Amino acid sequence: MKIIRLENTSFGFSSLREEEVDKLVEFDSDSGALKVHTLQSPQQIPFGSVQSDLIGQLVGQKLHEGSVRIIHNSPVPNAYSAPFKIYLDITLACSLQCPFCLSEAGHGQKASLPVSTIEKLAAEIQELGVMYVKIGGGDPFLHPDFETIINLLRSAGCFLTTSTNSAVVTPQVVDLLVKAGVRTSVSIEGMEAVNDSLRGSGHFRKALAALETLKKGGVNVLLRTTLLRQNLDDVPELVKLARNRGVKIKFSYCRPAGRAVRNQTMLSPQDSPRYLKVLEHLNSPEVLSHVLMDEGMMSSQPAEVLQKLLRGRMCGAANRSMHIDANGKVSPCVFFGPTFSFGKIYQDGTIRDFWQGKVGNKFQTVRAIRQPHECDSCSRFCKNECPANRFYFWDNYDQQDPNCLYEAMRKGGSSTI
């Protein structure tokens, strides 16, 4: 099924007309492919008016009835009309107790979203045209209704991704992930010694066994590593490991949330020289095609990414994405911590209510965060993608993220990458 969302990204700025459309967002729910059509001149398209022929002309293809859903939500100033992506933690249950866990999941944690809440979420996700749901936890596989949750969300027309700590990978789970087309990442935090010091003895081999089970079963699977102070030196070997296993590996740096704050596992300004070496390696021609990473870590950022951004903002919090935790609490992003976590979904409001600011003002607060002045003259469009990191390290939003590629280059004494 294809979705086409009609967006007015200039609303509240150069446009005051709610029915004006300046972007069409085309999405394939089976592949997860997203394409943005920026219109040369805005079009007036009344709410409730399908106008398939006009929209087909604007996206350059004939739209066949029944094969596409056209969604036209009311515009929201400084944000897309609804989230592109929802990060949904369905449980805090986990067999591990990782020192960097953003959600503080682990032994004895019982919080889990009930199926009744997932049913409401699925209905609203379909109505709003939310395109991606990242199912997290805890270990999502441990939710007693995992299969029901997957089927409900997939039937809502969104593309699903999830991750696992590899504790529970059964043939039934593999079959479910294949049928629903769920992209699955296996978490690994270093080579055996480092990984097992962080995730527990024996986890490394368990993770590789899970990877092979998922891969052989036909699951769209990859490895995923959070860059920590403890594992930077393992990155080259991790890349080799992924290549030898025939999968890609995704890298992102640890953000300031949950146990990562208490245990100081995030990269700090003092780690810049080592972090720069990691970026140099990941961006080298022989490695680049085998890895995935945050756009802000790329030395050459793909131009097509810019089309998806709202008014040039790489950080998607509150303008393209939101977070719902296993207790139902809503926030623009988990990385902002408990201060920005407020209200419960369907107790205090719907997705639309939170997104439009009818419940609290946290989303509007995040949308108003300005990029650092150093970024104004920078040719890169990442614009310090993580304001939460900036606030944690500097206690304000004015200074650069210490993991800014250019800042890492300056502190590492390098002029090129």
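Two strands are taken to pair if DSSP finds at least two bridges between them. The model described here is predicted. In β3, the residue bridged to F27 is L34, and strand β2 (residues 20–28) is joined to β3 by seven bridges, the two strands running antiparallel.

These strands belong to an open sheet of four strands, in the order β3-β2-β1-β4 and with mixed pairing. At its edges stand β3 (34–44) and β4 (68–71), each of which pairs on one side only. On average, neighbouring strands of this sheet are turned by 20 degrees against each other, direction ignored. Across β1 (2–7), β2, β3 and β4 lies helix α1 (residues 52–59), which runs at about 115 degrees to β3.

Helix α2 (residues 115–128) has 14 residues and reaches 20 Å from its first C-alpha to its last, close to the 20 Å expected at 1.5 Å a residue. Its buried residues are T117, I118, L121, A122, E124, I125 and L128. After α2 comes G129, whose phi is positive, near 80 degrees.

Turning to the rings, a search of the whole structure finds twelve aromatic pairs. One of them joins Y392 and F393 edge-to-face, with 5.0 Å from centre to centre and 85 degrees between the planes. Y392 is partly exposed, with a relative accessible area of 31%. One aromatic cluster is formed by F342, F354, W355 and F363.

| Charged residue | Ring | Distance from ring centre |
|---|---|---|
| R255 | Y253 | 3.8 Å |
| K362 | F340 | 5.5 Å |

Terms used. Residues are numbered from 1 along each chain as its sequence is written. This is a predicted model: local features need pLDDT of at least 70, side-chain atom pairs count only at pLDDT 80 or more; totals for chains, interfaces and linings use all residues. Side-chain values use heavy atoms; hydrogens and water are left out. The expected span of a helix is 1.5 Å times one less than its number of residues. Buried means under 20% relative accessible area, exposed over 50%, partly exposed in between (1.4 Å probe, protein chains only). Axes are lines fitted to C-alpha atoms, for helices over the stretch in contact, and angles run from 0 to 180 degrees between N-to-C directions. Contact means heavy atoms within 4.5 Å. Rings of Phe, Tyr and Trp (its six-membered ring) pair if their centres lie within 6.5 Å; planes under 30 degrees apart count as stacked, over 60 as edge-to-face and the rest as tilted. A charge sits over a ring if NZ of Lys or CZ of Arg is within 6 Å of the ring centre and within 35 degrees of the ring normal.
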